[in-house]
Amino acid sequence: MVIKMVWNREILYINLSTGKISSRTVPKIIRTRYLGGRGVNMYMLFNHLTPKTDPLSPDNVLLVGAGLLAGIPCLGSGRCDIGAKSPLTGAVGDSNIGGFFAPELRFAGFDHIVITGKTSKPVYLLIKNRDIQIKDASHIWGQDTFETQKIIRQDEDDENIKSLVIGAAGENLVKFANVRTGMKNSAGRTGMGCVMGSKNLKAIAVRGTTTLEFTHPDELLEYCKQMNTMITSTRWAKAQSRWGTMIIYSNTNTTGLIRTKNFQLNQLEEGQDLEPENIDKYSIGTSGCYGCAVHCRHRYVLKEGPYAPLYGEGPEYTSLGAFGTMVNCNKMETILVANHLVNKYGVDTLETGGLIAWAMELYEKGIINDKATDGLKLEWGNEEAVYEMIRKITYREGFGNILADGFKAAITKIGSESKYYAIQIKGMSNLHSDERPTPSFALGIATSTRGADHLRSRPAIDMYGLPEELLEEVYGGHVASDYNSYDGKDRMVWWQELLYAVTDSIGVCKFQTVFCAVHAPQWKEFSNLINLTTGLNFSKNQLMEIGERIYTIERLFNSREGFSRKDDNLPERYFKEPTTLGLSAARNKKISMEKFNKMLDGYYKLHSWDSNGVPTRESLKKLDLDHEPSNLV
Amino acid sequence: MNKLSPQSEVRCLNCLKRFTVSPKAETAVCPHCNTKYRISWPTPNQAKVRGLA
């Protein structure tokens, strides 16, 4: 059976409370306004939820969406978007995951899954083309994320099944539990695994055997080859395919752009062992996601030590910071073990590392003591304490139970004195990057719709000192070349937000866009790929408008939940404490509140939002958002 | 297609200017600002800054 790429794709609706299953085709108006993946998910999130819905109630909706281009042979097109109201922040919950699940879902004939309700006992969802079952999961409840996938494959006697699963953290409703697939891929942020756990949904398993029909298959194949050549010829991709995203550490730690000891330093001074080159002695090769020519993921083995034998994949740069610089651990083996543990338990690496680093600073300052930590010595560099805290958070034991609810709840429980040291925005922890020398990065984490987050907008090319003529060509207006400057950085962040909203909606990897190389794919290439794949035509301006619509409906969701300009802010320390280490461009830097606010004003204007960050009536009308919720799907 | 600079060049993280690294070199000094780096090679022809020397 052949299924057309766009017009026969369906949305699958599953009510776990009643067992009712239905489906319908994605209407063209939704495609042309939101594309797929994150865009369609965010439309449905706004439409399906009533304001102030308890994120852990059966009324929260869990949305799984394949990108519009998922399944094409380039740009890492295996991306899948998972959405819900976040139990961690109360804002937009949204996390994007690579691997092979999204194409498999499309091979089964579906683009989106909308899950509501809750079962009385653990279940998993099994989708085999049009055969959809809600199956008992009592035998896999309690299993880790690796074993769960293995058991489902064994039960169904099919090695090609791809699953989204939760681990113990999701089962225990840790507010930042993630959703996992394969050995390494995680939808880590905003607690989507916690929402799955609240529905007693252990896994979504899919096997599809139908064929995707492309509109212009021969031309598409040729164009995908060009895209792969373009990507693999960049210096970035060559280094990334050798050492993964850990290569970022070489620049950030050398320069002094990496948070160390929570937020006390901006460089790990004895950090040579964390250099990506040191993964070589543990690596047995690399692998990649669907449609990826880069292969940035190491497969590693620990043969010696108390945690051996251990097999894992990654680690990403995120884990290098979360369990390295942030907690002042400077051994690669610590990263490999901690990375394995968070993956096994299904808990977000960034939130976990951020909370542990915060707790270590509170411990150092005497705000918490041995009694609070159940006797655990939360001292800098204590790797055993890091491993134990990961376990305690996952199983909600003792002090781990306090951290398991995230920053907002933990601050309330520990006391107001702890708040100053928490590096979080809208209740979500930040990546371990230190944005004090880089105003564009600082603005991006402040304005992100899902809480402190680099993946909503990070303009990594700001770090390259590119000629301003080239930057103007890319961003459509003046942007200063100097990454210390505030000039034009509002435009940079706004533009990147729109691009990444579309990137997440077509389902390709951000690392294969202008994220990392100025000549890497962006609007023009996206437009060409969409046309060759689906026959739909979008100009650059139309795609930018779609990006604006997606970002604005996320903003509307957050406004409805009470978020506004006051939440688009940075932790106090960014304004008060200058950096102390690193090269001259990174040393003695802090964010100017006056310049930050001016930048924020400019950013709101570019979005056509009012001075409080609320979308105006005119902007909503222009984006066809003035009649939301419209309940089209 | 890409406007790529020579692969044996690296960008100095201090002054952001590019400079060429000798083949197989393990260290290099930026001729513009004298910052000294350790160098690694993701591919035999591509240099990369590893850290400060």
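So, A:P87 sits in the loop between β5 (80-85) and β6 (92-97) of chain A. The strand and helix names are DSSP runs, numbered from the N terminus: helices are H or I with at least four residues, strands are E with at least two. Before I go on, this is a predicted model, where local features need pLDDT of at least 70 and side-chain atom pairs count only at pLDDT 80 or more, while totals for chains, interfaces and linings use all residues. Residues are numbered from 1 along each chain as its sequence is written, and chains are lettered from A and ligands numbered from 1 in the order in which they are written.

Okay, is A:P87 buried or exposed? It counts as buried, because it has 27 C-beta neighbours inside 10 Å. The cut-offs: buried means 20 or more other C-beta atoms within 10 Å of a residue's own, exposed means 12 or fewer, partly exposed is in between, and the C-beta atoms are placed from the backbone.

And what does A:P87 touch, leaving out residues up to four places away in sequence? The answer is A:P55, A:L56, A:K175, A:G191, A:C194 and A:V195. Touching, or contact, means C-beta atoms, placed from the backbone, within 7 Å. Take A:G191: 104 residues away from A:P87 along the chain, yet their C-alpha atoms are separated by 6.2 Å.

Let's zoom out to chain A. We have 23 helices and 19 strands, and 60% of the 633 residues count as buried. Among contacts with a separation of 6 or more, 70% come from residues 24 or more positions apart. The C-alpha trace spans about 60 × 60 × 45 Å along its principal axes.

Now a helix pair. α16 (residues 439-447) and α22 (residues 593-607) of chain A pack at about 65°, axes 11 Å apart. Axes here are lines fitted to C-alpha atoms, for helices over the stretch in contact, with angles from 0 to 180 degrees between N-to-C directions. On the α16(A) side the contact uses A:P439, A:A442, A:L443 and A:T447, and α22(A) brings A:F596, A:M599, A:L600 and A:Y603. That's seven nonpolar, one polar and no charged. For the classes, Ala, Val, Leu, Ile, Met, Phe, Trp, Tyr, Cys and Pro are nonpolar, Asp, Glu, Lys and Arg are charged, and the others, Gly among them, are polar.

The contact takes 20 residues from chain A and 18 from chain B. On the chain A side, α8(A) gives the most, with five residues. By class, that side has five nonpolar, 10 polar and five charged residues.

Conventions: Two residues are in contact if their C-beta atoms, placed from the backbone, lie within 7 Å.
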